[in-house]
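Open your viewer and get ready to select a few residues at a time.

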Amino acid sequence: MRYLALCTDYDGTLATDGQLLPDTIAALERLLASGRRLVLVTGRELDDLQKVCPRLDLFEYVVAENGALLFKPSTGEETPLGPRPPDAFVALLRERGVGPISVGRVIVATWEPHETAVLATIRDMGLELQVIFNKGAVMILPAGVNKATGLTSALEKMEISPHNAVGVGDAENDHALLALCECSAAVSNALPTLKDAADILTKADHGAGVVELIDEMLRDDLASREPKLTRHHVLLGANEQGAEVRVPPHGQTVLVVGEKGVGKSVFATRLLDRLATKGYSFGVIDVEGDYGKIGRAVSLGSPSRPPTANEILKLLQGADKSAVVNLSGLPPADRLAFLTALTPKLAELRAHSGHPHWVVVDETHHLLPANSASDELLPLGNAESVLHITERPTLVTRAVAQATTLFVALGRKAQTLLEEFCQVRGVGRPESNGTTLREDEALAWWPAQANAQPFRLNIAVPQQDPGAVGGGSGVGKSGSGRAARARTGSLH
């Protein structure tokens, strides 16, 4: 499964008039039975939520008070995620006629039109507080606290990356929640601004819309939505016309070939740096110890001490952790056996947590030579995406070529390498203009795409990758647009 967690708002999304309907509860139970996990992300205060929602036990964590409080229903543990405004602040609000006022563990809330008095009081007292709006409610929180920051804390404890989460909501204060998650959804009763920002719009409203989303997750893990989920695609460079070339972050097998010294590791390092910027994790299988520091990765092993399986798995348990696994300290004859023994444990980790998102196999021909048996071909093939690096396509098992979704050839023999790849894959050679590659260029081809032709890829580092700004997370953004002011039975 790619999507391991559903992170849902309560009022206006999961709940109808503040209540969970039986059909919604049944859908949540089906999702849990599939091995997925649930997080409730709400603006409500915890005491209020416990009164209206009898099934908090369905959720591994509850992010309450619009990101300011973390609650674990199974243990009753509460963790404030920020300081509560001073009592003097609340007292002064009341003196100035603000009311009603609700005070939670951290949050202080009231209703419009008191936002002007609230902002003036924050200014007069010199406090570092922010105001977030939600359907007429005015929520006062510590600066930088929102649903995304609270959900980030929950997912870290669950050891799940936001890239393996689906978020769903309906209102202004759900923008940050949806931006954090890999896939975002808005129920049909959501505000127009949230609908515009969401990847998926449900046909049904409120809890019935969440049921619709759950059924789709159970049916195909949202695979049918993948063509539209382009906001996370990773920049590789530009084609001959100057248009950006991006690669999806999920389900890819990239094969990079070329002679020694033509820049294969440079290509891989640039790709990994961009993945790291977007918050994806990776593991590099460094057979000969050629890789140093990459992005935010931790190096494991050295020429004098090979890494252990336990330390690799312990590191990669962290949703935001990446590793360069240096196997140069292992005798060459022992490397494939080491990885073959490690693979089931990595597969178990991925099944539970969804990461590492990418695996890079450097010098693939050492581990997966052309004569590999078919049942041992891709011991790392269960990774979400794989990058294989070798000198020639004929040196590695045919299964690598058959699985390849993006072929990249570097160096003066790129055209010959493309021909070899087609022979190994068992397909006809596509038309190519045969242009000699310049420095910092590669010959690239999407072999699984109908009528796709090879093209010249400029892999120079761009001035800026707009898609990487902020990592696509939305953390720290309140997203407090004001498109509707309908009051509900709760401040949040």
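Start by selecting Ala309, Ile312, Leu313 and Leu316 in helix H10: they meet Phe338, Leu342, Lys345, Leu346 and Leu349 in helix H11 (contact means heavy atoms within 4.5 Å; helices, H or I of at least four residues, and strands, E of at least two, are DSSP runs numbered from the N terminus). By class, this contact has eight nonpolar, no polar and one charged residues. This is a predicted model, where local features need pLDDT of at least 70 and side-chain atom pairs 80 or more, while totals for chains, interfaces and linings use all residues. Residues are numbered from 1 along each chain as its sequence is written, and side-chain values use heavy atoms, leaving out hydrogens and water.

Now show all of H10 (residues 309–316) and H11 (residues 332–353): their axes come within 11 Å and cross at roughly 25°. That makes H10 roughly parallel to H11 (angles under 35 degrees count as such).

Next, select helix H5, residues 147–158. Which of its residues are buried? Lys147, Ala148, Thr149, Gly150, Leu151, Ala154, Leu155 and Met158 are, where buried means under 20% relative accessible area (1.4 Å probe, protein chains only). Their cover includes strands E1 (5–8), E2 (37–41), E3 (61–64), E4 (69–72) and E10 (165–169), and helix H6 (175–180).

Last stop: Leu387, in strand E20 (residues 385–390). Leu387 is buried, with a relative accessible area of 0%. Not counting residues up to four places away in sequence, Leu387 touches Val254, Val256, Ala268, Leu271, Trp358, Val359, Val360 and Val361. Try the distance tool on the C-alpha atoms of Leu387 and Ala268: 119 residues apart along the chain, they are separated by 8.0 Å.

Notes. Axes fitted to C-alpha atoms, helices over the stretch in contact; angles between N-to-C directions. Parallel < 35°, antiparallel > 145°, perpendicular 65-115°, else oblique. Nonpolar A, V, L, I, M, F, W, Y, C, P; charged D, E, K, R; others polar. Expected span 1.5 Å × (residues − 1). Buried < 20%, exposed > 50% of the residue type's maximum accessible area, 1.4 Å probe, protein only.
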